[in-house]
Amino acid sequence: NVGRHFGTTIVHTFTDEPAAMYTDPPRQLTWTDDLAGEFRRRAGYDLHAWLPALFDPARDGEPPALTRARVDFHDVWSRLLVERYLDPIRRWCRQNGLRSSGHFGGEDTPRGNVRHGFGHLLRALRGLDTPGLDTIWRQIMPDGRSHVFVKAVSSVARQKGEPEVLTESFA
């Protein structure tokens, strides 16, 4: 019904807080049927040996190899999210005269990046034509939360040479 307006009146799609939701990290891990194989292919070692430890909270002084497995897990997962979710949306948008845009839930804190299952915030933002963020009251009050996450969106736009960013503001 609205296709004739694509690229003129309607210029963006908007994905609002896509997530492979964790309900209680690290007790749950984002997973796909082929994740173990993709992990071996991309990280170069077997993920299965690390699975019991990945369910424990990260802690200071843990073995460096375990920390590396945690980092590699989130790296592989976030790459898969871009390749299998964001890239297909972006391709469809471009084929239809649109730009993909949106923001991710929990983007304002590193723990939120993990909890909402998109992993690497900058990588996920690069998967959108127009990177965005959510700025709601608790995030923008001067005495409130960290404001560093806002810079991530403008940094990604600059890295990609994109002239626009987007915000879903004030709830």
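Colleague: Why is D75 called partly exposed?

Modeller: The relative accessible area of D75 is 25%. Buried means under 20%, exposed over 50% and partly exposed in between (1.4 Å probe, protein chains only), so D75 at 25% takes the in-between label. The model is predicted: local features need pLDDT of at least 70, side-chain atom pairs count only at pLDDT 80 or more, and totals for chains, interfaces and linings use all residues. Residue numbers start from 1 along each chain as its sequence is written, and side-chain values use heavy atoms, without hydrogens and water.

Colleague: What makes R79 and D75 a salt bridge?

Modeller: Their closest N and O atoms are 3.2 Å apart. A salt bridge needs a side-chain nitrogen of Lys or Arg within 4 Å of a carboxyl oxygen of Asp or Glu, so R79 and D75 qualify. R79, at 35% relative accessibility, is partly exposed. Both residues are in helix α3, four residues apart, which is about one turn of the helix. Helices here are DSSP runs of H or I with at least four residues, strands are runs of E with at least two, and both are numbered from the N terminus.

Colleague: Which residues do salt bridges with shared partners join into one network?

Modeller: D34, E38, R41, R42, E83 and R84. By the same rule, the count comes to 12 salt bridges.

Colleague: Is S78 buried or exposed, and why?

Modeller: S78 is buried, because its relative accessibility is 1%. S78 is in helix α3 (residues 64-95). With residues up to four places away in sequence left out, S78 touches F118, G119, H120 and R123; contact means heavy atoms within 4.5 Å.

Colleague: What makes S78 and D75 a polar contact?

Modeller: A polar atom of the S78 side chain lies 3.1 Å from the backbone oxygen of D75. A polar contact is a pair of N or O atoms within 3.5 Å; within protein, one must be able to donate a hydrogen and the other to accept it, and residues adjacent in sequence count only if both atoms are side-chain atoms. D75 also has its C-alpha atom 6.9 Å from that of H120, 45 residues apart along the chain.

Colleague: How do you know that β2 and β3 pair?

Modeller: Strand β2 (residues 101-103) and strand β3 (residues 130-135) share two bridges in the parallel sense. Pairing requires that DSSP finds at least two bridges between the strands, so β2 and β3 meet the requirement. S101 has T130 in β3 as its bridge partner.

Colleague: In what order do the four strands form the open sheet, and which are the edge strands?

Modeller: The order is β1-β2-β3-β4, with parallel pairing. The edge strands are β1 (15-16) and β4 (166-169), each pairing on one side only.
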